[in-house]
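User: I am new to this structure. Please walk me through a few of its residues and helices.

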Amino acid sequence: MIANAPFMPADPTERFTVIFRALQRSVADNGYRLKIHGPLIVLIWNYLARQIARFARIASRLPQSPRTRTRAPGPVEREPATPNPNPKPPLTLPRGFAWLIRLLPNGPATVVGGAAARADLQLFMEDPIVLELLATHPSLGRILRPLHTMLGLRPPKIIKRPRKPRREPTSAANPRPKRPRPRRQPDFMAQYKVNPDGSIDFTPEQLRDILGPPPPPVPPWHQPFVPSFDAKKMWRKGPRG
(Lines give C-alpha, C1' and ligand atoms only; values in the text may rest on other atoms or scores of the structure.)
Protein backbone atom coordinates (compact mmCIF):
# COMPACT_ATOMS: atom_id res chain seq x y z
CA MET A 1 0.00 0.00 0.00
CA ILE A 2 2.98 2.31 0.62
CA ALA A 3 5.82 2.56 -1.86
CA ASN A 4 9.27 1.48 -0.68
CA ALA A 5 7.78 0.17 2.62
CA PRO A 6 7.60 -3.66 2.77
CA PHE A 7 5.86 -3.66 6.15
CA MET A 8 4.23 -1.28 8.63
CA PRO A 9 6.04 -0.92 11.97
CA ALA A 10 4.14 -1.75 15.13
CA ASP A 11 5.23 1.40 16.98
CA PRO A 12 2.56 4.10 16.50
CA THR A 13 5.10 6.90 16.14
CA GLU A 14 7.09 5.08 13.46
CA ARG A 15 3.92 4.05 11.67
CA PHE A 16 2.62 7.63 11.69
CA THR A 17 5.97 8.79 10.32
CA VAL A 18 5.94 6.21 7.48
CA ILE A 19 2.42 7.20 6.38
CA PHE A 20 3.02 10.92 6.20
CA ARG A 21 6.59 10.76 4.91
CA ALA A 22 5.14 8.84 1.97
CA LEU A 23 2.48 11.53 1.58
CA GLN A 24 5.22 14.18 1.57
CA ARG A 25 7.00 12.38 -1.26
CA SER A 26 3.74 12.07 -3.17
CA VAL A 27 3.07 15.80 -2.91
CA ALA A 28 6.61 16.60 -4.06
CA ASP A 29 6.62 14.06 -6.94
CA ASN A 30 3.19 14.92 -8.32
CA GLY A 31 3.31 18.66 -7.66
CA TYR A 32 5.20 19.48 -10.86
CA ARG A 33 3.17 17.05 -12.96
CA LEU A 34 -0.13 18.48 -11.74
CA LYS A 35 1.19 22.07 -12.01
CA ILE A 36 0.60 22.88 -8.33
CA HIS A 37 1.88 26.24 -7.13
CA GLY A 38 5.47 25.79 -5.88
CA PRO A 39 5.14 27.71 -2.58
CA LEU A 40 2.00 25.70 -1.80
CA ILE A 41 3.94 22.43 -2.19
CA VAL A 42 6.58 23.73 0.23
CA LEU A 43 3.87 24.82 2.65
CA ILE A 44 2.24 21.35 2.62
CA TRP A 45 5.63 19.65 3.04
CA ASN A 46 6.55 21.81 6.04
CA TYR A 47 3.11 21.33 7.61
CA LEU A 48 3.36 17.55 7.41
CA ALA A 49 6.93 17.67 8.78
CA ARG A 50 5.76 19.70 11.79
CA GLN A 51 2.90 17.28 12.46
CA ILE A 52 5.29 14.31 12.36
CA ALA A 53 7.67 16.00 14.82
CA ARG A 54 4.79 17.04 17.12
CA PHE A 55 3.35 13.51 17.16
CA ALA A 56 6.72 12.02 18.12
CA ARG A 57 7.32 14.64 20.80
CA ILE A 58 3.90 14.22 22.45
CA ALA A 59 3.89 10.41 22.20
CA SER A 60 7.27 10.23 23.98
CA ARG A 61 5.94 12.03 27.07
CA LEU A 62 4.50 10.38 30.14
CA PRO A 63 0.76 9.59 30.14
CA GLN A 64 -1.32 12.70 30.53
CA SER A 65 -4.58 13.34 32.33
CA PRO A 66 -7.37 15.49 30.95
CA ARG A 67 -6.81 19.06 32.06
CA THR A 68 -9.12 21.99 32.34
CA ARG A 69 -8.21 25.08 30.43
CA THR A 70 -7.30 28.16 32.44
CA ARG A 71 -7.43 31.63 31.05
CA ALA A 72 -3.97 32.87 30.23
CA PRO A 73 -2.87 36.30 31.44
CA GLY A 74 -3.52 39.20 29.13
CA PRO A 75 -0.91 40.03 26.51
CA VAL A 76 1.69 42.67 27.23
CA GLU A 77 0.85 45.95 25.56
CA ARG A 78 3.27 46.85 22.81
CA GLU A 79 3.69 49.89 20.69
CA PRO A 80 1.66 49.59 17.47
CA ALA A 81 3.86 48.92 14.49
CA THR A 82 3.62 51.08 11.44
CA PRO A 83 1.30 49.33 8.95
CA ASN A 84 2.67 48.30 5.58
CA PRO A 85 0.98 50.38 2.86
CA ASN A 86 1.06 47.44 0.40
CA PRO A 87 0.64 44.26 2.45
CA LYS A 88 0.88 40.94 0.65
CA PRO A 89 -1.82 38.36 1.40
CA PRO A 90 -0.31 35.52 3.47
CA LEU A 91 -0.02 32.12 1.81
CA THR A 92 -2.05 29.65 3.84
CA LEU A 93 -3.12 26.05 3.40
CA PRO A 94 -6.44 25.39 1.68
CA ARG A 95 -9.49 24.67 3.79
CA GLY A 96 -12.48 22.44 3.44
CA PHE A 97 -13.25 18.75 3.69
CA ALA A 98 -10.82 16.52 1.72
CA TRP A 99 -8.93 19.48 0.27
CA LEU A 100 -5.74 17.45 -0.27
CA ILE A 101 -7.64 14.66 -2.05
CA ARG A 102 -9.05 17.22 -4.49
CA LEU A 103 -5.66 18.88 -4.89
CA LEU A 104 -3.67 15.64 -5.30
CA PRO A 105 -5.71 12.86 -6.95
CA ASN A 106 -4.37 9.33 -6.91
CA GLY A 107 -1.81 8.82 -9.66
CA PRO A 108 -0.18 5.68 -11.07
CA ALA A 109 0.17 2.53 -8.99
CA THR A 110 3.85 3.24 -8.29
CA VAL A 111 3.08 6.67 -6.81
CA VAL A 112 1.58 7.11 -3.38
CA GLY A 113 -1.40 9.47 -3.60
CA GLY A 114 -3.74 11.03 -1.13
CA ALA A 115 -6.16 8.10 -1.37
CA ALA A 116 -3.48 5.64 -0.18
CA ALA A 117 -2.59 7.87 2.79
CA ARG A 118 -6.29 8.10 3.61
CA ALA A 119 -6.65 4.31 3.73
CA ASP A 120 -3.47 3.96 5.81
CA LEU A 121 -4.66 6.58 8.31
CA GLN A 122 -8.00 4.80 8.63
CA LEU A 123 -6.26 1.52 9.46
CA PHE A 124 -3.91 3.39 11.79
CA MET A 125 -6.86 4.69 13.83
CA GLU A 126 -8.31 1.17 14.17
CA ASP A 127 -5.14 -0.27 15.73
CA PRO A 128 -5.64 -1.14 19.45
CA ILE A 129 -2.12 0.11 20.27
CA VAL A 130 -2.95 3.50 18.74
CA LEU A 131 -6.27 3.65 20.61
CA GLU A 132 -4.46 2.96 23.87
CA LEU A 133 -1.94 5.71 23.09
CA LEU A 134 -4.73 8.20 22.32
CA ALA A 135 -6.47 7.35 25.61
CA THR A 136 -3.34 8.24 27.59
CA HIS A 137 -2.29 11.19 25.37
CA PRO A 138 -5.49 13.09 24.46
CA SER A 139 -3.54 16.07 23.08
CA LEU A 140 -2.70 13.97 19.99
CA GLY A 141 -6.22 14.68 18.81
CA ARG A 142 -5.13 18.23 17.91
CA ILE A 143 -2.75 16.71 15.37
CA LEU A 144 -5.04 14.01 14.01
CA ARG A 145 -8.23 16.06 13.57
CA PRO A 146 -6.85 18.38 10.83
CA LEU A 147 -5.21 15.42 9.09
CA HIS A 148 -8.53 13.57 8.97
CA THR A 149 -10.24 16.64 7.49
CA MET A 150 -7.41 17.09 4.98
CA LEU A 151 -7.75 13.50 3.73
CA GLY A 152 -11.56 13.38 3.72
CA LEU A 153 -12.15 11.31 6.86
CA ARG A 154 -14.54 11.94 9.72
CA PRO A 155 -12.58 11.92 12.97
CA PRO A 156 -13.48 8.96 15.22
CA LYS A 157 -15.15 9.46 18.55
CA ILE A 158 -11.94 9.11 20.57
CA ILE A 159 -10.44 12.32 19.08
CA LYS A 160 -13.62 14.31 18.54
CA ARG A 161 -13.71 17.66 20.22
CA PRO A 162 -16.29 17.65 23.04
CA ARG A 163 -19.25 19.89 22.58
CA LYS A 164 -19.53 22.97 24.72
CA PRO A 165 -22.36 22.78 27.26
CA ARG A 166 -25.25 25.10 26.68
CA ARG A 167 -25.37 28.17 28.84
CA GLU A 168 -28.22 28.14 31.29
CA PRO A 169 -30.23 31.34 31.77
CA THR A 170 -28.98 33.42 34.68
CA SER A 171 -32.43 34.00 36.14
CA ALA A 172 -35.96 33.21 35.06
CA ALA A 173 -37.21 36.55 36.40
CA ASN A 174 -35.15 38.51 33.83
CA PRO A 175 -35.74 36.78 30.49
CA ARG A 176 -33.98 37.92 27.39
CA PRO A 177 -35.89 40.80 25.79
CA LYS A 178 -37.45 40.02 22.47
CA ARG A 179 -36.10 41.82 19.47
CA PRO A 180 -38.78 44.09 17.97
CA ARG A 181 -39.88 43.03 14.53
CA PRO A 182 -39.52 45.60 11.77
CA ARG A 183 -42.77 47.12 10.58
CA ARG A 184 -44.01 45.80 7.30
CA GLN A 185 -43.84 48.38 4.56
CA PRO A 186 -47.14 48.97 2.68
CA ASP A 187 -47.41 47.91 -0.94
CA PHE A 188 -46.31 50.72 -3.21
CA MET A 189 -48.89 49.97 -5.92
CA ALA A 190 -51.77 49.84 -3.45
CA GLN A 191 -52.14 53.65 -3.67
CA TYR A 192 -52.92 53.54 -7.40
CA LYS A 193 -55.99 52.23 -9.22
CA VAL A 194 -54.82 49.53 -11.63
CA ASN A 195 -57.26 48.53 -14.36
CA PRO A 196 -57.60 44.94 -15.63
CA ASP A 197 -55.81 45.89 -18.87
CA GLY A 198 -52.78 47.10 -16.91
CA SER A 199 -53.40 50.83 -17.24
CA ILE A 200 -53.39 53.08 -14.17
CA ASP A 201 -55.86 55.85 -13.36
CA PHE A 202 -54.07 58.67 -11.59
CA THR A 203 -55.76 61.31 -9.52
CA PRO A 204 -54.78 64.98 -10.05
CA GLU A 205 -52.86 64.93 -6.76
CA GLN A 206 -50.90 61.86 -7.83
CA LEU A 207 -50.10 63.39 -11.22
CA ARG A 208 -48.89 66.52 -9.47
CA ASP A 209 -46.62 64.41 -7.24
CA ILE A 210 -45.23 62.51 -10.23
CA LEU A 211 -44.92 65.31 -12.82
CA GLY A 212 -44.42 68.20 -10.44
CA PRO A 213 -46.30 71.55 -10.45
CA PRO A 214 -47.49 72.94 -13.80
CA PRO A 215 -45.18 75.42 -15.56
CA PRO A 216 -45.81 79.14 -15.05
CA PRO A 217 -47.86 80.93 -17.72
CA VAL A 218 -45.97 82.34 -20.71
CA PRO A 219 -45.91 86.17 -20.76
CA PRO A 220 -47.57 87.89 -23.77
CA TRP A 221 -44.28 89.04 -25.25
CA HIS A 222 -43.02 85.47 -25.42
CA GLN A 223 -46.08 84.17 -27.21
CA PRO A 224 -45.95 83.71 -31.03
CA PHE A 225 -47.35 86.49 -33.19
CA VAL A 226 -50.77 85.68 -34.67
CA PRO A 227 -52.03 88.37 -37.10
CA SER A 228 -55.63 89.46 -36.73
CA PHE A 229 -56.13 90.09 -40.51
CA ASP A 230 -56.04 87.95 -43.65
CA ALA A 231 -52.70 88.53 -45.29
CA LYS A 232 -53.81 86.92 -48.61
CA LYS A 233 -56.60 89.43 -49.14
CA MET A 234 -54.34 92.36 -48.35
CA TRP A 235 -51.62 91.19 -50.74
CA ARG A 236 -51.55 93.38 -53.84
CA LYS A 237 -51.35 91.46 -57.04
CA GLY A 238 -49.42 92.68 -60.02
CA PRO A 239 -50.96 94.17 -63.22
CA ARG A 240 -52.94 91.82 -65.36
CA GLY A 241 -51.63 91.07 -68.79
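**Inside a predicted model**

Analyst: F20 counts as buried, at 1% relative accessibility. The model is predicted. F20 has its place in helix α1.

User: Which residues is F20 in contact with, leaving aside its neighbours within four places in sequence?

Analyst: Contact here means heavy atoms within 4.5 Å. Leaving aside neighbours within four places in sequence, F20 meets that cut-off with L48, I52, L121, L147 and L151.

User: What separates the C-alpha atoms of F20 and G114?

Analyst: Along the chain, F20 and G114 are 94 residues apart. Between their C-alpha atoms, the separation is 10.0 Å.

User: Which residues of helix α5 are buried, and why do they line one face of the helix?

Analyst: Helix α5 spans residues 128–136, and its buried residues are V130, L133 and L134. Seen down the axis of α5, these fall within an arc of 100°, so they line one face. On the other side, P128, E132 and A135 are exposed.

User: What covers the buried residues of α5?

Analyst: Several helices take part in the cover. It includes α1 (12–33), α2 (38–59), α4 (114–125) and α6 (141–150).

User: Is Q206 buried or exposed?

Analyst: Q206 lies in helix α7, residues 204–211. Leaving aside neighbours within four places in sequence, Q206 is in contact with Q191, Y192 and D201. Buried means under 20% relative accessible area. Q206 has 15%, so Q206 is buried.

Note on methods:
Residues numbered from 1 in each chain as written. Predicted model: local features only at pLDDT ≥ 70, side-chain atom pairs only at ≥ 80, totals over all residues. Heavy atoms only, no water. Buried < 20%, exposed > 50% of the residue type's maximum accessible area, 1.4 Å probe, protein only. Helix = DSSP H or I, 4+ residues; strand = E, 2+ residues; numbered from the N terminus. Arc of directions from axis to C-beta.
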